[in-house]
Amino acid sequence: MTKFNKWQKCVEFLMILIILLTGIYKISHPKGDVGVAVILLFVSLLVFLILSCAALFPATWRMTDEEKRKIPDLQKYQEKYTGIFVIVNAIISCILVLVIVLIG
């Protein structure tokens, strides 16, 4: 079973905190339509949760047995896969936070 490392947990927690605080701020201090901020917050949380679940998914789930045998260390491969997904999730979350700030 795959788990997040310490740095991955910190990044995930920091990003969810930033998304929630930005959304709450934009909803409580609206400069336009509050509905847009609510929808952007919902979409940001949804994308974040989907990518967090995808990061924990097995890296070799679509590989054939022959392809799996070519990988020297499956555990290290899974850790690298999870780390890349966490970084991509953080980048996409930052972009969505900017969208909330600018549009919401």
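**Chat about K26 and its surroundings**

Colleague: Which backbone oxygen does the side chain of K26 reach?

Modeller: The side chain of K26 gets to the backbone oxygen of V101, at 3.3 Å. A polar contact is a pair of N or O atoms within 3.5 Å; within protein, one must be able to donate a hydrogen and the other to accept it, and residues adjacent in sequence count only if both atoms are side-chain atoms.

Colleague: Okay, and what am I looking at here?

Modeller: This is a predicted model, where local features need pLDDT of at least 70, side-chain atom pairs count only at pLDDT 80 or more, and totals for chains, interfaces and linings use all residues. Residues are numbered from 1 along each chain as its sequence is written, and side-chain values use heavy atoms, with hydrogens and water left out.

Colleague: Where is K26 found?

Modeller: In helix α1, residues 6-28. Helices are DSSP runs of H or I, at least four residues, and they're numbered from the N terminus.

Colleague: Is K26 buried or exposed, and how far away is the nearest side chain of opposite charge?

Modeller: K26 is buried, and the nearest side chain of opposite charge, D33, is 12 Å away. Buried means under 20% relative accessible area, exposed over 50%, and partly exposed in between, using a 1.4 Å probe and protein chains only. On charge, Lys and Arg count as positive and Asp and Glu as negative, while His and the chain ends are not counted.

Colleague: So what does K26 touch?

Modeller: Leaving out residues up to four places away in sequence, K26 touches A37, I100, V101 and G104. Contact here means heavy atoms within 4.5 Å.

Colleague: Switching topic: where is Q78, and why does Q78 count as buried?

Modeller: Q78 sits in helix α4. Q78 counts as buried because its relative accessibility is 12%. Its contacts, again not counting residues up to four places away in sequence, are T2, A55, F57, P58 and A59.

Colleague: What about H29? Which side chain does H29 join in a polar contact?

Modeller: That's S28, with 3.1 Å between the two side chains' atoms in the polar contact. H29 is in the loop between α1 and α2, and H29 counts as partly exposed because its relative accessibility is 44%.

Colleague: Last one: how many residues apart in sequence are V38 and I27?

Modeller: They're 11 residues apart in sequence and 6.8 Å apart in space, C-alpha to C-alpha. V38 is found in helix α2, and at 40% relative accessibility V38 counts as partly exposed.

Methods:
Helices (H or I, at least four residues) and strands (E, at least two) are DSSP runs, numbered from the N terminus. A salt bridge is a side-chain nitrogen of Lys or Arg within 4 Å of a carboxyl oxygen of Asp or Glu.
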